[in-house]
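Reader: Could you take me through the terms used for this model, setting each value against its cut-off?

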Amino acid sequence: MKFIQDTQPFEILKQYFIPAIYHRIIEGRKKVYQLSISIEGIEKVIKKSVKPFEHTSYNKVITGAVKRMEKLFAPEQLNLEVILYKKPNLNQLDLSFELVNKEFFKIGKEEYYASIMVEYSYSKMDFVTYYPIIYRQTCLNGQVAIMSKNFKEVIATNKIFDIGCDWSKCTFESYQRKLTNYFEILQDNRQGGLFDEEDFELFERNAIRKMEQVLKIKSKNSDIDRNSDNINNPQNFFRRNIEMLGRNQFAVWNAITDFASRERDIEKRNVMFLNAGKFLSDEIEKTLNKQKKDWSNNLIWGEVLRIAKK
């Protein structure tokens, strides 16, 4: 997968492992709270206020990401590397990076790569954003398995180290089981609609409209006309996946996530990931809830026996 080639050693974060300097000073006749950091050899004053205010520091943000990865993988091995997206400097104080474990994340017999996206800015200093991404390769197409919208964590800066139960392997295993069940339904059933079309070109146009709906992009604007792995149109993604997986919704979803995972502009890529995650988690719940309802209305002894004899 291409993103793995973009990683750098974890040690590059050391230069951004900067504590915040927060204390009261006398300014004129007033006592004020001042926040500053030492960056590029200069103390940069970020904010002054007569009232105390919430904030954090880059070293806590980085440590919070590492501790979340540690909890996710415990007791398995960590081998962390980094993709840096935004580097703080005197002109802008945003830090954005993706923490990648180069060791496989195993759910059942399937292997994944896990990463944690981290975003923090002193312009919005009272919260930090963390969310995990689980990457996998399916039929060598570089598919990314999007995590549920529920895994995005926007946390108050004074609670960075309050790592909840969502950051645990069992939670991801539960989600992955739902994901697997959902994809099996997509692979086994055409489910009508756009997949009834005999005309392949019409099918392809409908599939592209599905991509637009899921990722919230327009196929006629620059969001889709970009140079990504020398593939600059969505038809290539759909044709390749349909050839490998057949004409079904599973192939269409693979093409959509393949398209999103190869975006080189990190802001566009992350927006597409989150849009796809919201769409996927909603669709999973709707489909599996409908399946449960169908089971409750059509109880079959053979199915119960099959489960009992597993």
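This is a predicted model: local features need pLDDT of at least 70, side-chain atom pairs count only at pLDDT 80 or more; totals for chains, interfaces and linings use all residues.

Author: Residues are numbered from 1 along each chain as its sequence is written, and side-chain values use heavy atoms, with hydrogens and water left out.

Reader: Why does Gln176 count as buried?

Author: Gln176, which lies in helix α3 (residues 169-188), has 10% relative accessibility and therefore counts as buried, the term meaning under 20% relative accessible area with a 1.4 Å probe and protein chains only.

Reader: What makes α5 oblique to α6?

Author: Helix α5 (residues 234-245) and helix α6 (residues 249-261) pack at about 140°, their axes being 8 Å apart. Angles under 35 degrees count as roughly parallel, over 145 as roughly antiparallel and 65 to 115 as roughly perpendicular, the rest being oblique, so α5 is oblique to α6.

Reader: Which residues of α5 and α6 meet?

Author: With contact meaning heavy atoms within 4.5 Å, the residues that meet include Phe237 and Leu245 in α5, and Phe250 and Ile256 in α6.

Reader: What makes β2 and β4 edge strands?

Author: In the open sheet, 3 strands follow the order β2-β3-β4 with antiparallel pairing, and β2 (21-27) and β4 (42-49) each pair on one side only. Two strands pair if DSSP finds at least two bridges between them, and β2 and β3 (residues 30-39) have 7 bridges.

Technical notes: Helices (H or I, at least four residues) and strands (E, at least two) are DSSP runs, numbered from the N terminus. Buried means under 20% relative accessible area, exposed over 50%, partly exposed in between (1.4 Å probe, protein chains only). Axes are lines fitted to C-alpha atoms, for helices over the stretch in contact, and angles run from 0 to 180 degrees between N-to-C directions.
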